[in-house]
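The exercises below concern aromatic pairs and a pocket. Please work through each task before reading its solution.

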Amino acid sequence: MWVTGKIIKRIDWNEKLFTLVIDADIGDFKAGQFIKLSQYANDKRVARAYSLVNAENARHLEVLAVTVEDGQLSPQLHRLESGDEIEVSSKAAGFLVLDEVPAADNLWMLATGTAVGPFISMLLGQEVWRKYKNIRLAYGARFQEDLAYKAHLDEIAAHHSEQFAWQPLITRENFNGNIQQRIPQALASETLQQQLNCSISPLNSQVMLCGNPDMISETVELLKSMGLEKNLRRKPGQITVEKYW
């Protein structure tokens with residue numbers, strides 16, 4: 001089922017990376033879930049999933065997207081302006097939610113690119129702060145300009161300075177405060193753990209991964225070698241995953 005949404009704002013982080021703020025009634029959702037956006041092309045509906053960045057109680061929906069030159073939908077979305085309409089799935093879906101993740105001392109959020117969106121949604125809520133003592137976010141991208149919501153994350157870190165910290169990992173630029181490594185390599189060398197002053201252990205940690213499949217597959221294998229296991233409903237573990245394509 002679909003409802004008609006209206007674009008009320010857009011934010012351009014760079015020439016390809018953008019946020020759409022949408023007025024649409026989809027009912028309640030859980031932080032970490034996604035919706036589908038849809039438009040017609042040549043009389044055929046084209047739909048793609050986008051995670052919600054906004055808090056659960058926010059008035060409007062917010063999605064972070066990147067335009068792909070030969071994509072079937074993203075170039076159309078990139079052309080949308082305030083006042084334009086977009087079809088939105090009537091309900092959110094997905095299992096990358098805190099209800100599915102056991103409590104622990106340490107919660108690690110590992111994201112690449114636009115996959116940081118669901119983690120920002122969680123950080124804007126209340127549950128994550130009640131459930132975990134230490135929360136760490138690693139945000140991987142190619143260039144510094146690809147870090148959407150950087151100011152928002154800095155604000156969250158300042159507000160929750162004793163509980164939360166985040167770390168950019170920019171692979172194609174070197175700047176002060178950056179780790180110029182991919183997430184798996186930074187974890188393997190323990191550079192990331194040292195920078196964020198937090199350990200990863202099957203005894204006290206949960207790890208949520210969201211992003212490109214290569215990062216996820218490499219990181220999951222590394223975490224397994226450290227004694228962590230996939231988190232399943234029938235057998236709770238420490239690794240929760242959502243791939244972004």
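The model is predicted, so local features need pLDDT of at least 70 and side-chain atom pairs pLDDT 80 or more, while totals for chains, interfaces and linings use all residues. Residues are numbered from 1 along each chain, and side-chain values use heavy atoms, without hydrogens and water.

**Exercise 1.** Determine how many nonpolar, polar and charged residues line the second largest pocket.

Solution. Step 1: the lining comprises 10 nonpolar, four polar and three charged residues; Ala, Val, Leu, Ile, Met, Phe, Trp, Tyr, Cys and Pro count as nonpolar, Asp, Glu, Lys and Arg as charged, and the others as polar.

Step 2: among the 17 lining residues, Ile120, Leu124, His152, Glu155 and Ile156 are the closest to the centre of this pocket.

Step 3: H4 supplies the largest share of the lining, four residues.

**Exercise 2.** Describe the aromatic pair formed by Trp13 and Tyr149.

Solution. Step 1: the ring centres of Trp13 and Tyr149 are 4.8 Å apart with 45° between the planes, a tilted pair (centres within 6.5 Å; under 30 degrees is stacked, over 60 edge-to-face, the rest tilted).

Step 2: Trp13 lies in the loop between strands S1 (2-12) and S2 (17-23), and Tyr149 in the loop between strand S8 (132-141) and helix H4 (150-159), 136 residues apart.

Step 3: Tyr149 is buried, at a relative accessible area of 2%, whereas Trp13 is partly exposed at 24% (buried is under 20%, exposed over 50%, partly exposed in between, with a 1.4 Å probe and protein chains only).

Notes. Phe/Tyr/Trp six-rings, centres within 6.5 Å; stacked < 30°, edge-to-face > 60°. Helix = DSSP H or I, 4+ residues; strand = E, 2+ residues; numbered from the N terminus. 1 Å grid on protein atoms, 1.4 Å probe; cavity = no way out; pocket = protein on both sides within 12 Å on 5 of 7 lines; lining within 4 Å.
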